[in-house]
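Hello,

The structure we spoke about is below. My notes on what was found in it follow.

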Amino acid sequence: MTQDPAHDPWEGLKPSGGQFQKWNEPGDRVFGVVTEKSTGRTIDGEPCPQLVIRLHDGGDEITVTAAQAALKNQLLRERPQVGDTVDIEFTGIDTTGGRTLKLFSVAVAPGEEF
């Protein structure tokens, strides 16, 4: 069956290229300037903050999807804007209460002040 190009729901969508940050080990860190803000999705399909960050150590861009509760809450509290410098670090894991929670430190500076 041939899709009518005028009604193609995929028309205009761009592939999500680039790299996505994975928080595998305490000490994993992203430091750079926010170039885009959007709404990402958790593995359960829930909305969460998503940032594209141009890294200070080479100019590459990486996407940070704040699907982890602690990171999501900190980004919602700090509210980084496009052009702000952010420093996000995975600091450890808390297993209190029978659940696993990844912990983060988040610092935001207006513009490129760090």
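Strands S2 and S3 pair in the antiparallel sense, with nine bridges between them. Please keep in mind that this is a predicted model.

S5 in turn runs antiparallel to S6, and nine bridges join them. One of the facing pairs is Ile88 and Val106, the latter in S6. The hairpin of S5 and S6 has six residues between the strands, and Gly97 in this hairpin takes a positive phi near 75°.

Taken together, the strands form an open sheet of six, in the order S1-S4-S3-S2-S5-S6, and the pairing is mixed. S1 (19-20) and S6 stand at the edges with a single partner strand each, so one side of each has no neighbour in the sheet.

Next, the helix. H1 spans residues 69-78, and its buried residues are Ala70, Leu71, Gln74 and Leu75. Viewed down the axis of H1, these residues fall within an arc of 125°, so they line one face of the helix. Their cover includes S3 (47-55), S4 (61-65), S5 (85-94) and S6 (101-109). H1 lies across these four strands, S3, S4, S5 and S6, and runs at about 20° to S6. Just after H1, Arg79 takes a positive phi of about 50°.

The last item is a loop residue. Where is Asp28 found? Asp28 is in the loop between S1 and S2. Its side chain reaches two backbone nitrogens: that of Asn24 at 2.8 Å and that of Glu25 at 2.9 Å.

Which residues is Asp28 in contact with, leaving aside its neighbours within four places in sequence? They are Gln21, Lys22, Trp23, Ile88, Glu89 and Phe90. Among them, Phe90 is 62 residues from Asp28 along the chain, while the C-alpha atoms of Asp28 and Phe90 are separated by 5.4 Å. Ile88, also on that contact list, is the residue that stands opposite Val106 in S6.

Regards

Notes: Residues are numbered from 1 along each chain as its sequence is written. This is a predicted model: local features need pLDDT of at least 70, side-chain atom pairs count only at pLDDT 80 or more; totals for chains, interfaces and linings use all residues. Side-chain values use heavy atoms; hydrogens and water are left out. Buried means under 20% relative accessible area, exposed over 50%, partly exposed in between (1.4 Å probe, protein chains only). Helices (H or I, at least four residues) and strands (E, at least two) are DSSP runs, numbered from the N terminus. The arc is that of the directions from the helix axis to the C-beta atoms. Contact means heavy atoms within 4.5 Å. Two strands pair if DSSP finds at least two bridges between them. Axes are lines fitted to C-alpha atoms, for helices over the stretch in contact, and angles run from 0 to 180 degrees between N-to-C directions. A polar contact is a pair of N or O atoms within 3.5 Å; within protein, one must be able to donate a hydrogen and the other to accept it, and residues adjacent in sequence count only if both atoms are side-chain atoms.
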